[in-house]
Amino acid sequence: MRVQVTVERWERTVSVVAWILQIVLALAFLGAGGMKLARPKPALVAAGMGYAEDFSSSAIKTIGLLEVLGAIGLVLPAVTGIATWLVPVAAIGLALTMAGAVVVHVRRKEAYLPPLVLGVLALVLAVLRLAYPL
């Protein structure tokens, strides 16, 4: 009986950690993607996002849209209980997006730690939600 209580507690703890990751990542990607969608390319460059120089305006808007859709995909299926398998798919997609961002920032000799951290956290979330589905 004690083992069952421990397993239930572990699963509850993993669920809480996964939800915290989902919310934090969703907010981060919603903000980053929304900014890319709302601001024109010159404004992004002027705000210190030099990487934008390497991409067309439409590519930047596409990346922003992918980040916003990924943020929605981290939360909406879990909240509604519909197609919950999309949560780890969205997390993997966002991790791949961040892998590309890390490559771009490394090539430009810019700070790559923020996208690296977001990418690793997205991978952790994907693993948690694959191992412990909603």
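Reader: At what angle do helix H3 and H4 pack, and how far apart are their axes?

Author: In this predicted model, helix H3 (residues 57-80) and H4 pack at an angle of about 155 degrees, with axes 8 Å apart. Axes are lines fitted to C-alpha atoms, for helices over the stretch in contact, and angles run from 0 to 180 degrees between N-to-C directions. H3 is therefore roughly antiparallel to H4, a term for angles over 145 degrees.

Reader: Which residues of H3 and H4 make the contact?

Author: Contact means heavy atoms within 4.5 Å. From H3 the residues include Gly70, Leu74 and Pro77, and from H4 they include Leu86, Ala90 and Met98.

Reader: How do the residues of that contact divide into nonpolar, polar and charged?

Author: There are 11 nonpolar, three polar and one charged. Ala, Val, Leu, Ile, Met, Phe, Trp, Tyr, Cys and Pro count as nonpolar, Asp, Glu, Lys and Arg as charged, and the others, Gly among them, as polar.

Reader: Turning to Lys36, is it buried or exposed?

Author: Lys36 lies in helix H1 (residues 2-38). Lys36 counts as buried because its relative accessibility is 9%, where buried means under 20% relative accessible area (1.4 Å probe, protein chains only).

Reader: What is Lys36 in contact with, leaving aside its neighbours within four places in sequence?

Author: Its contacts are Leu44, Tyr51, Ile60, Lys61, Ile63, Gly64 and Glu67.

Reader: Where does the numbering of residues start?

Author: Residues are numbered from 1 along each chain as its sequence is written. Local features need pLDDT of at least 70, side-chain atom pairs count only at pLDDT 80 or more, and totals for chains, interfaces and linings use all residues, while side-chain values use heavy atoms, with hydrogens and water left out.

Terms used:
Helix = DSSP H or I, 4+ residues; strand = E, 2+ residues; numbered from the N terminus. Parallel < 35°, antiparallel > 145°, perpendicular 65-115°, else oblique. Buried < 20%, exposed > 50% of the residue type's maximum accessible area, 1.4 Å probe, protein only.
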